[in-house]
Amino acid sequence: MREEAAVLDILQIPVLQDNYIYLAHDPVTRATAAVDPAEAAPVLAALDANGWTLTHILNTHHHWDHVGGNLTLKRETRCLVFGAERDRNDIPGLDVGLNEGDMVELGRSRAQVLAVPGHTQGHIAYWFRDDLALFCGDTLFAMGCGRLLGGTAEQMWHSLDRLRALPPDTRLYCAHEYTQTNGRFAVTLEPENPALTRRMEQVDEARRQGRPTVPSKLGEELATNPFLRPESAELQRTLGLEGAAPVRVFAEVRRRKDAFR
Ligand code: ZN
Ligand code: FE
């Protein structure tokens, strides 16, 4: 029988302007990963506060606000650095280069590597199936998605379409707190979507209280995130793209979001 129980304790560390670093810890084996450590100091402080020792760094892509802490953490803790093989020259201290379908062991848990190009060519996500946790970096955000800084709309749509197929209870640990701005844009596209209206009220309230809106569940995103909803009749109508192919609708949503202020 397949082991289904959640294994990992996941800790969320807000850093910089709006980034999140995650620590994922297996309390039995004490394996501990830092996902996208933008900075080293807040990670070292959190490790210290919990009595944890870093064993892994898991990078989703090579941007500085995801790898900035790599070298200091590696020096201080002797952890191993994991990231896309394709980003080998751009991820500081990379030890283990990963490709689509690879598995990363973290104590009793393990992550499947999903290649999700679009934000960058080498972007990967870490899918901890038994924990129903996805570390998706800058690919999928709460009510948004990453900008196309290295890949095409076709690639990004294909990546998001793959993520749509994960179980709806999957928690999405994305790397930025962009939810409120994303939501303001989303309501311009689907003003009549009741799930979206309701979610925006919750998000506004959370932000008023200084609470994170991340992680969200994939199921919520399927109901409210315009980048995952190219089949929505209302969205298509707003864009004047009734009956258009999902990739075409997606590309137009992305284009409009880039210009949204
Ligand atoms: Zn990025
Ligand atoms: Fe980022």
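A residue counts as buried when its relative accessible area is under 20%. That cut-off is used at several stops below, all in a predicted model.

**Stop 1: the iron ion**

Select the iron ion (ligand 2) and its protein donors: Asp 65 (OD), His 66 (NE2), Asp 138 (OD) and His 176 (NE2), at 2.1 to 2.4 Å from the metal. The 4 donor atoms make angles of 84 to 166 degrees, and the site is irregular. Along the chain these donors are spaced D-H-x71-D-x37-H. Asp 65 belongs to helix α2, while His 176 sits in the loop between β13 (171-174) and α5, so this pair ties together parts 111 residues apart in sequence.

Now colour by accessibility. Asp 65 has a relative accessible area of 10%, so Asp 65 is buried. His 176, at 3% relative accessibility, is buried as well.

**Stop 2: the bridge**

Select Asp 138 with both metals. Asp 138 bridges the iron ion (ligand 2) and the zinc ion (ligand 1), and the two ions lie 3.2 Å apart. With 4% relative accessibility, Asp 138 counts as buried.

**Stop 3: the zinc ion**

Move to the zinc ion (ligand 1). Its coordinating atoms come from His 61 (NE2), His 63 (ND1), His 119 (NE2) and Asp 138 (OD), at 2.2 to 2.3 Å. In sequence, the donor residues follow the pattern H-x1-H-x55-H-x18-D. Why is the arrangement around the zinc ion irregular? The 4 donor atoms subtend angles of 85 to 175 degrees, which makes it so. For four donors to count as tetrahedral, all angles would have to lie between 85 and 135 degrees.

Next, pick out His 63 and Asp 138. His 63 is in the loop between β4 (56-58) and α2 (64-67), and Asp 138 is in the loop between β10 (133-137) and β11 (140-141), so the pair ties together parts that are 75 residues apart in sequence. His 63 has 19% relative accessibility and therefore counts as buried.

**Stop 4: a helix pair**

The crossing of α5 past α6 is left-handed.

To see the contact, show side chains. On the α5 side are Thr 179, Gln 180, Gly 183, Arg 184, Ala 186 and Val 187; these meet Leu 196, Met 200, Val 203, Asp 204 and Arg 207 of α6.

Methods: Residues are numbered from 1 along each chain as its sequence is written. Chains are lettered from A and ligands numbered from 1 in the order in which they are written. This is a predicted model: local features need pLDDT of at least 70, side-chain atom pairs count only at pLDDT 80 or more; totals for chains, interfaces and linings use all residues. Side-chain values use heavy atoms; hydrogens and water are left out. Donors are N, O and S atoms within 2.8 Å of the metal (3.2 Å for Na, K and Ca); water is not among the atoms, so sites may look incomplete. Four donors count as tetrahedral if all angles lie between 85 and 135 degrees; four count as square planar and six as octahedral if opposite donors are over 155 degrees apart and all others between 65 and 115; anything else is irregular. Helices (H or I, at least four residues) and strands (E, at least two) are DSSP runs, numbered from the N terminus. Buried means under 20% relative accessible area, exposed over 50%, partly exposed in between (1.4 Å probe, protein chains only). A crossing is left-handed if the near helix is turned anticlockwise from the far one by less than a right angle, and right-handed if clockwise. Contact means heavy atoms within 4.5 Å.
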